[in-house]
Amino acid sequence: MTARRRFLSVLAFLPLAACMTRRGADGQEEQDVHPKYLAKTSMDRIFDASRAEVMGSIFTLAEKLYRRNPREWRKAGLNQHDEAMEALRRYREAAPEGLAGQPEGAAVLRAFAPDYPGDRVAAFVYGLLTMVDAAYEHKDEFFIMDSLNAQKLYNSARNMEIAAWKLASSLDESGKPLLLSNEMGDGAQNLSFEREFGRLIGQMDFIALIVSDRSGRAITGVTQSLATAIFLPVGMLK
């Protein structure tokens with residue numbers, strides 16, 4: 001199933017998600033509406049689903065990266081990668097080593113700096129998480145008065161393309177990948193990272209188009225070579 005079809009299937013389910021079914025004293029089914037959904041429009045639920053899908057993809061990438069690069073979580077003295085994943089889920093509370101106050105793109109780039117001594121997976125994923133967090137206005141869910149900026153979502157999607165390229169192409173002094181991800185070779189092929197990034201980017205582009213159409217504000221497109229591309233602003237946009 002393509003990312004777009006999967007997302008549309010989520011949207012079809014949303015109207016039902018607001019209700020809970022119960023059986024009354026007369027044996028007839030009744031539906032209760034959760035109070036918070038009274039303050040949500042259908043578009044708010046679309047935003048909720050979109051953010052959940054995108055963040056889920058990032059944590060899936062983190063899980064895959066830690067399984068392929070166990071040396072990284074060991075740098076923090078942890079006993080298992082589950083502890084590292086739990087630390088990532090608290091990304092708003094504490095930044096990885098040396099990244100406090102760093103903009104989203106700078107955090108991603110720091111993960112591939114030859115002299116970075118910390119957990120490269122944590123730095124890379126922290127950059128992605130804070131980037132998406134900024135694109136979704138630092139909100140976990142949305143209500144009637146909330147809105148999104150299509151340009152932020154679009155810029156974040158383009159930044160994900162750059163991040164995916166950096167992950168696949170960054171090498172150490174000996175020519176080995178700084179972080180193992182996709183793998184192609186005799187008898188071995190692993191493109192799951194590429195597929196997950198494609199799914200994530202498709203989700204963000206799709207919701208950016210919805211927001212742009214809803215607001216009537218056009219998205220400013222950007223064309224750049226991945227090899228020389230710079231991270232586009234997200235959090236600083238108004």
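Visitor: What classes of residue make up the lining of the largest pocket?
Guide: By class, the lining has 14 nonpolar, 1 polar and 5 charged residues. Nonpolar means Ala, Val, Leu, Ile, Met, Phe, Trp, Tyr, Cys and Pro, charged means Asp, Glu, Lys and Arg, and the others, Gly among them, are polar. Bear in mind that this is a predicted model, where local features need pLDDT of at least 70, side-chain atom pairs count only at pLDDT 80 or more, and totals for chains, interfaces and linings use all residues. Residues are numbered from 1 along each chain as its sequence is written, and side-chain values use heavy atoms, leaving out hydrogens and water.

Visitor: Which helix gives the largest share of that lining?
Guide: H4 does, with 3 residues. Helices here are DSSP runs of H or I with at least four residues, and strands are E runs of at least two, numbered from the N terminus.

Visitor: Switching topic, how do H2 and H6 pack?
Guide: Helix H2 (residues 42-68) meets helix H6 (residues 120-135) at about 175°, and their axes are 10 Å apart. That angle makes the pair roughly antiparallel.

Visitor: And what classes are in that contact?
Guide: The contact of H2 with H6 has 14 nonpolar, no polar and 2 charged residues.

Visitor: How many helices and strands does the chain have?
Guide: There are 8 helices and 4 strands, in the order α-β-β-α-α-α-α-α-α-β-β-α along the sequence.

Notes. Axes fitted to C-alpha atoms, helices over the stretch in contact; angles between N-to-C directions. Parallel < 35°, antiparallel > 145°, perpendicular 65-115°, else oblique.
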